[in-house]
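Subject: Structure for you to look at

Hello,

I am passing a structure on to you. Please open it first, then read my notes below.

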Amino acid sequence: MQALRGFAWLLVLQSAGELASRGLHLPFPGPVVGLVLLLIALNVPLVREPVGACADFLLSHLSLLFVPVGVGVMTHLDLVGEYGGRMLLVIVLSTWIGLAVTALALRALMKHHRKE
Amino acid sequence: MPKFVELWVYLSSTPLFGLTATIALYALAQAAYVRLQQAPWANPVLWTVVAIAAFLLITGVPYPTYFSGAQFIHFLLGPAVVALAWPLWQRRAELRARWAPLLLAALIGGAAAAGSAWLLGQALRLPNDVVLSLTTKSVTAPVAMGVAEKIGGIPALAAVFAVLTGIVGALSGKYLFDLLRISTTPAGWMARGFALGTAAHGIGAARSLQVNADAGAYAGLALGLQVVLASLLIPLVFRLL
């Protein structure tokens, strides 16, 4: 019941986010606005307890949720056939660059931060 | 035999098929992954996607038919993005104490991931809409789709690129961090997790969470920060260019 109530809160806040995003022409997608709204709402125990139970379940199976769009690659086989190698090269290299730069930047910044 | 074909034609055209295939194969892949001691190459998302796509191509079931069932899973991405507020909120004390280095690292790392994808795409002369769909790849798929649409990319392609990026990060992160001599002390796990959440979003975060609780926590934090930063800054940068 707790998790179900939490799911209801998530949907209500996502809907509020979608309405705000569209109505006010915000640059964020609706669910992102919902995330920010939830950050504020979590200060209320009535929201916090049920959302916590539901969020833990939903986020522990986060990678399952990517399967349907992932399978969508089969609808772009023409692009994949023509540019597949190059696209993969860009994805792999830029992912490594992103990982390395973030890890090294954070390590350097934290050393600096601790010294202060 | 014809009876079987008839039944298959019926089953493969109902939403039940797509939903069942997605959940059952993922549960199977997840079990195999655990049995293989969570080896990065056994990534359950990768193998579930490959198995379903291959199956659909062989049997000739069109993607929209599959998606009519799989959409129920896909739909949960929205509430899941909202739910990301939960790990952020749980770590609000740490975030408050270290907000400057964390925010700066998220900005620098996110810019490096998106910028390098854009530059490499241009250098390899990929079509413009493909390059634009590549720049959003380090953000979690549902947000990547929204942002790509705003800047003129192809949403479906952006989602696939994001999923592939997550898999590449989850597969190779460990080796890259070892190479860069990022330690496995609490500070090192923090850097490893934060980098995976920044550059490889939800799939990288899911992987971090399995390896180390600290790494998982910071990956969740990084993923949430990246969602907010990228959806605000990427459209802004492209408007100014």
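What distance separates the centres of domain 1 of chain A and domain 2 of chain A, taken over C-alpha atoms? The answer is 28 Å. Please keep in mind that this is a predicted model.

**Domains**

Chain A splits into domain 1, residues 1-60, and domain 2, residues 68-116. Chain B also has an assignment: domain 1 covers 2-75 and domain 2 covers 81-240. In chain B the domain centres, again over C-alpha atoms, are 27 Å apart. Six residues of domain 1 of chain B contact seven residues of domain 2 of chain B. On the domain 1 side of that contact, four residues are nonpolar, two are polar and none is charged.

**Where the chains meet**

Chain A puts 61 residues into the contact, and chain B puts in 86. On the side of chain A that touches chain B, five elements of chain A give two or more residues each: α1 (2-23), α2 (30-41), α3 (45-60), α4 (67-71) and α5 (77-115). The largest share is from α5(A), with 26 residues. By class, this side of chain A has 46 nonpolar, 13 polar and two charged residues.

Two packed helices are described by the angle between their axes and the distance between the axes. Here are two such pairs, both with α8(B).

Helix α8 of chain B spans residues 99-123, and helix α12 of chain B spans 186-211. Their axes lie 9 Å apart, at an angle of about 45°. The two helices are therefore oblique to each other. Their crossing is right-handed. From α8(B) come B:Ala105, B:Ala106, B:Gly109, B:Gly110 and B:Ala113. They meet B:Phe194, B:Ala195, B:Thr198 and B:Ala199 of α12(B). This contact has six nonpolar residues, three polar ones and no charged ones.

Now take α13(B), residues 213-240 of chain B. Its axis and that of α8(B) come within 10 Å and cross at roughly 60°. That makes this pair oblique. The crossing of α8(B) and α13(B) is right-handed. On the α8(B) side, the residues are B:Leu103, B:Ala106, B:Leu107, B:Gly110 and B:Ala114. On the α13(B) side, they are B:Ala222, B:Leu225, B:Gln226, B:Leu229, B:Ala230 and B:Ile234. Nine residues of this contact are nonpolar, two are polar and none is charged.

Most residues other than glycine have a negative phi.

A:His25 has a phi near 50°. A:His25 sits in the loop between α1 and α2 of chain A. A:His25 counts as exposed because it has 7 C-beta neighbours inside 10 Å.

B:Arg125 is not a glycine, yet its phi is positive, about 55°. B:Arg125 lies in the loop between α8 and α9 of chain B. B:Arg125 has 9 C-beta neighbours inside 10 Å, so it counts as exposed.

Best wishes

How values were computed. Residues are numbered from 1 along each chain as its sequence is written. Chains are lettered from A and ligands numbered from 1 in the order in which they are written. This is a predicted model: local features need pLDDT of at least 70, side-chain atom pairs count only at pLDDT 80 or more; totals for chains, interfaces and linings use all residues. Axes are lines fitted to C-alpha atoms, for helices over the stretch in contact, and angles run from 0 to 180 degrees between N-to-C directions. Helices (H or I, at least four residues) and strands (E, at least two) are DSSP runs, numbered from the N terminus. Angles under 35 degrees count as roughly parallel, over 145 as roughly antiparallel, 65 to 115 as roughly perpendicular and the rest as oblique. A crossing is left-handed if the near helix is turned anticlockwise from the far one by less than a right angle, and right-handed if clockwise. Two residues are in contact if their C-beta atoms, placed from the backbone, lie within 7 Å. Ala, Val, Leu, Ile, Met, Phe, Trp, Tyr, Cys and Pro count as nonpolar, Asp, Glu, Lys and Arg as charged, and the others, Gly among them, as polar. Domain bounds come from an automatic or database domain assignment. A residue is buried if 20 or more other C-beta atoms lie within 10 Å of its own, exposed if 12 or fewer, and partly exposed in between; C-beta atoms are placed from the backbone.
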